[in-house]
Amino acid sequence: MNVENILALLKPGLFGGLVLVIGAISGWGMTQAPDFVLTRIMRWWVLKVLVPVLKRPSWLLRSIAIFVNNAGICMLLVASGRVALLPWFAIAGVGVAMGAALRVLVIEFGWQGDAIGVDGDKVDAEKNAGLGGDHVSVIGMLLNMLELPAIVLTLALALVQSELPITQSIAMDGPILVWPIMLMWTLPMLALAACGESLWMGHQQVFDR
């Protein structure tokens with residue numbers, strides 16, 4: 001991927017990221033009501049499907065499951081770019097699902113500040129066994145950060161296929177080869193991110209609280 005492609009993908013990637021964040025905020029807010037249909041759907045998905053997979057003792061199986069899930073969603077988003085305006089709705093929908101799932105995880109597993117090291121004993125434990133001395137978790141989280149550029153690149157590839165002024169930043173000599181970029185750049189980053197996510201989640205045992 002050359003500099004011209006990076007510049008061409010920058011603007012649609014930023015706009016796509018904005019839509020994703022707005023969708024995530026909306027999903028977080030909509031799941032405030034426990035009886036709302038989205039809340040019930042996401043509770044079922046998180047507690048019956050997602051968490052059982054992420055609690056598997058095998059690092060490799062967790063990594064594969066995370067990668068397949070993330071890569072599948074990203075490939076569907078890129079494929080949606082063939083239909084005018086569809087990727088905007090698809091990105092917003094993914095954002096809503098992400099925000100809703102995150103809120104369910106926060107509520108169900110107590111991922112609030114008062115659940116992680118408020119009293120003296122927990123604070124001491126955090127200092128003694130926290131991320132500062134947990135090299136495995138640090139490495140996992142660093143690898144997991146590759147998920148962010150992979151997502152932004154996915155959003156850009158989905159939106160750049162539409163001839164809309166809002167997503168077109170520079171004139172290109174030829175079309176951007178969407179799927180080769182997806183295969184050569186996005187999927188490898190997602191694979192490394194999945195390995196890192198599986199590593200730190202398993203080491204920190206975040207779902208055993």
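## Surface patch

A nonpolar patch is made of nonpolar side chains (Val, Leu, Ile, Met, Phe, Trp, Tyr) joined within 5 Å, from residues with over 30% relative accessible area and no salt bridge. In this predicted model, such a patch is formed on the surface by Trp 59, Leu 60, Leu 61, Ile 64 and Val 68, which together have about 460 Å² of accessible area.

Leu 61, one of the patch members, belongs to helix α3, spanning residues 59-80. The relative accessible area of Leu 61 is 43%, so this residue is classed as partly exposed.

In soluble globular proteins, nonpolar side chains tend to be buried together. The largest nonpolar core here has 17 residues, of which Leu 9, Leu 153, Leu 157, Ile 176, Ile 181, Met 182 and Leu 190 touch the most other members. Two or more residues are contributed to this core by each of the elements α1 (3-30), α3, α7 (147-159) and α8 (178-204). The greatest contribution is from α8, with six residues.

Apart from neighbours within four places in sequence, the contacts of Ile 176 are Asn 5, Ala 8, Leu 9, Leu 157, Val 160 and Ile 181. A second core, separate and consisting of 10 residues, has Val 46, Val 51, Ala 100 and Leu 105 among its members.

## Cysteines

A disulfide is a covalent bond between the sulfur atoms of two cysteines. Zero disulfides are found when the whole structure is searched.

Cys 74 has a relative accessible area of 7% and is therefore buried, whereas Cys 195, at 24%, is partly exposed. The limit for the buried class is under 20% relative accessible area.

Definitions and conventions: Residues are numbered from 1 along each chain as its sequence is written. This is a predicted model: local features need pLDDT of at least 70, side-chain atom pairs count only at pLDDT 80 or more; totals for chains, interfaces and linings use all residues. Side-chain values use heavy atoms; hydrogens and water are left out. Patches are made of residues with over 30% relative accessible area and no salt bridge: like charges are joined within 9 Å, nonpolar side chains (Val, Leu, Ile, Met, Phe, Trp, Tyr) within 5 Å. Accessible areas come from the Shrake-Rupley method with a 1.4 Å probe; for residues, only the protein chains shown count as cover. A salt bridge is a side-chain nitrogen of Lys or Arg within 4 Å of a carboxyl oxygen of Asp or Glu. Helices (H or I, at least four residues) and strands (E, at least two) are DSSP runs, numbered from the N terminus. Buried means under 20% relative accessible area, exposed over 50%, partly exposed in between (1.4 Å probe, protein chains only). A disulfide is a pair of cysteine sulfur atoms within 2.5 Å. A nonpolar core is a set of buried Ala, Val, Leu, Ile, Met, Phe, Trp, Tyr and Cys residues joined through side-chain atoms within 4.5 Å. Contact means heavy atoms within 4.5 Å.
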